[in-house]
Amino acid sequence: MTIRRTSPGRDRRGCDRGQASIEFLGFLPLLILVALAAVQLGIAAYAVQQAGTAARAAARTGSQDEPGTTPAAAGQASISGWLAGGTDISGGSCGGGEASATASVTIPSVFPGFDDFGSAERSATMPCDDGPLQAAGGRP
């Protein structure tokens, strides 16, 4: 009687061929979902930052009381073009010695089937410019 010896790895290699590829394909949707969630979080943080920038620009323009532009237009001009369409800016005129403005920016979605993820809202307040003496540091 002859005993034929084969290595254990050689017997299994034939039936396991391609198994790693199939396991990767099963895991791929989860990896894509995690990547999209990370991108969505970055877009949300960027929208919050842009809302703050727009509110500060609108409040600054309103506090200077210059007839060249409106606070809302200054806030819109300070935002990235792809977010400006979903932005609402209110306030910005001087009253009570200070100008306050609030900007609301819609957070776009990277997930198919979702319109947006709400909005980011930020406010800013700037002291009103009372004239050249105050701007120079003097008292009116």
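Strand β1 (residues 87-95) and β2 run antiparallel and are joined by seven bridges; two strands are said to pair if DSSP finds at least two bridges between them. Strands here are DSSP runs of E with at least two residues, while helices are runs of H or I with at least four residues, both numbered from the N terminus.

Before going on, a word about what you are looking at. This is a predicted model, in which local features need pLDDT of at least 70 and side-chain atom pairs count only at pLDDT 80 or more, while totals for chains, interfaces and linings use all residues. Residues are numbered from 1 along each chain as its sequence is written, and side-chain values use heavy atoms, with hydrogens and water left out.

Back to the strands. Cysteine 94 has alanine 99 of β2 as its bridge partner. The hairpin of β1 and β2 has two residues between the strands, and glycine 96 takes a positive phi near 75° there. On to the next pairing: β2 and strand β3 (residues 116-127) also run antiparallel, joined by ten bridges.

Now step back to the whole chain. The protein has five helices and three strands, and their order along the sequence is α-α-α-α-β-β-β-α. Of the contacts with a separation of 6 or more, 53% are between residues 24 or more positions apart; a contact means heavy atoms within 4.5 Å.

Where does glutamine 40 lie? Its place is in helix α2. Glutamine 40 counts as buried because its relative accessible area is 7%; buried means under 20%, exposed over 50% and partly exposed in between, using a 1.4 Å probe and protein chains only. Beyond its neighbours within four places in sequence, glutamine 40 touches Ile107, Pro108, Ser109, Val110, Phe111 and Phe117. Valine 39 is also in helix α2, but it is partly exposed, because its relative accessibility is 42%. Valine 39 and serine 109 are 70 residues apart in sequence, yet their C-alpha atoms are 9.5 Å apart in space.

Phenylalanine 24 belongs to helix α2 (residues 19-64) too, and is partly exposed because its relative accessible area is 46%. Together with Ile22, Leu25, Phe27, Leu30, Leu31, Leu33 and Val34, Phe24 forms a nonpolar surface patch with about 790 Å² of accessible area. Areas like this come from the Shrake-Rupley method with a 1.4 Å probe, and for residues only the protein chains shown count as cover. For the protein, the accessible surface comes to about 9600 Å², and 57% of that belongs to carbon and sulfur atoms. Buried residues make up 26% of the 140 residues.

Finally, how confident is the prediction? The average pLDDT, the predictor's confidence in each residue from 0 to 100, is 83, and 81% of the residues score at least 70. Confidence is highest in β2 (residues 98-108), at a mean of 93, and lowest in helix α5 (residues 132-136), at 46. Over residues 132-136 the pLDDT is below 50, and this stretch has six contacts in the model beyond near neighbours in sequence.

How values were computed:
Patches are made of residues with over 30% relative accessible area and no salt bridge: like charges are joined within 9 Å, nonpolar side chains (Val, Leu, Ile, Met, Phe, Trp, Tyr) within 5 Å. A salt bridge is a side-chain nitrogen of Lys or Arg within 4 Å of a carboxyl oxygen of Asp or Glu.
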